[in-house]
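Hi,

Here is the structure I promised to pass on. My notes on it follow below, starting with the pocket.

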Amino acid sequence: MIPFQLILAIIMIESSGNEFALNKKEQAYGCLQIREAYCKDASEQSHHNWSHRKAFDAVAAIQMFKAYMQRYATTQRLGRDVTAEDIARIHNGGPNGYKRSSTDAYWAKVKQQLLAMGATDLANGKTIKHKIK
């Protein structure tokens, strides 16, 4: 299960908690700044038929996030245990974001937020058991 502290840290980095945040340039919606392709992947994984605009609903956005991670942030796919860093970097950089240097700065922001929240275990590499509901 993805710890809520990690989800909250990513929400704070993406939108400062604003459920109605909109990045017109990237067409990223809601508190998690979800793009249309991300929404489609999450919908396929979860067998939901979410519209991209549904990302403006925080509950639905978190469900999309979890479905996306269930698809891409897995031990089987990564070949090792999944960490908060993997999840944050996949969220930011797509399915292979966990190995792209372009997501390093994003992870640094999420890590800083986790540390500020007192989630030092997640910030310092604690593995995440992946049973997403």
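**The largest pocket**

The largest pocket has a volume of about 400 Å³. A pocket here is an open set of points on a 1 Å grid over the protein atoms alone, where a 1.4 Å probe fits, with protein on both sides within 12 Å along at least five of seven lines; lining residues have an atom within 4 Å of a point. The volume is the space filled by probe spheres set on the points, which are joined across faces, edges and corners. There are 21 lining residues, and those closest to the centre are Glu26, Gln33, Arg35, His91 and Asn92. Two or more residues each come from helices H1 (4-15), H2 (36-46), H5 (84-93) and H6 (104-116), with H5 giving the most, four. Helices (H or I, at least four residues) are DSSP runs, numbered from the N terminus.

**Before you use it**

This is a predicted model, where local features need pLDDT of at least 70, side-chain atom pairs count only at pLDDT 80 or more, and totals for chains, interfaces and linings use all residues. Numbering starts from 1 along each chain as its sequence is written, and side-chain values use heavy atoms, leaving out hydrogens and water.

**Helix H2 and the whole chain**

In H2, Tyr38, Cys39, Asp41, Ala42 and Ser43 are buried (under 20% relative accessible area, 1.4 Å probe, protein chains only). These residues pack against helix H3 (58-72) and H5. His47 follows H2 and has a positive phi, near 65°. Across the chain, 44% of the 133 residues count as buried. The C-alpha atoms fill a box of roughly 35 × 30 × 25 Å along the principal axes.

Best wishes

How values were computed:
Buried means under 20% relative accessible area, exposed over 50%, partly exposed in between (1.4 Å probe, protein chains only). Contact means heavy atoms within 4.5 Å.
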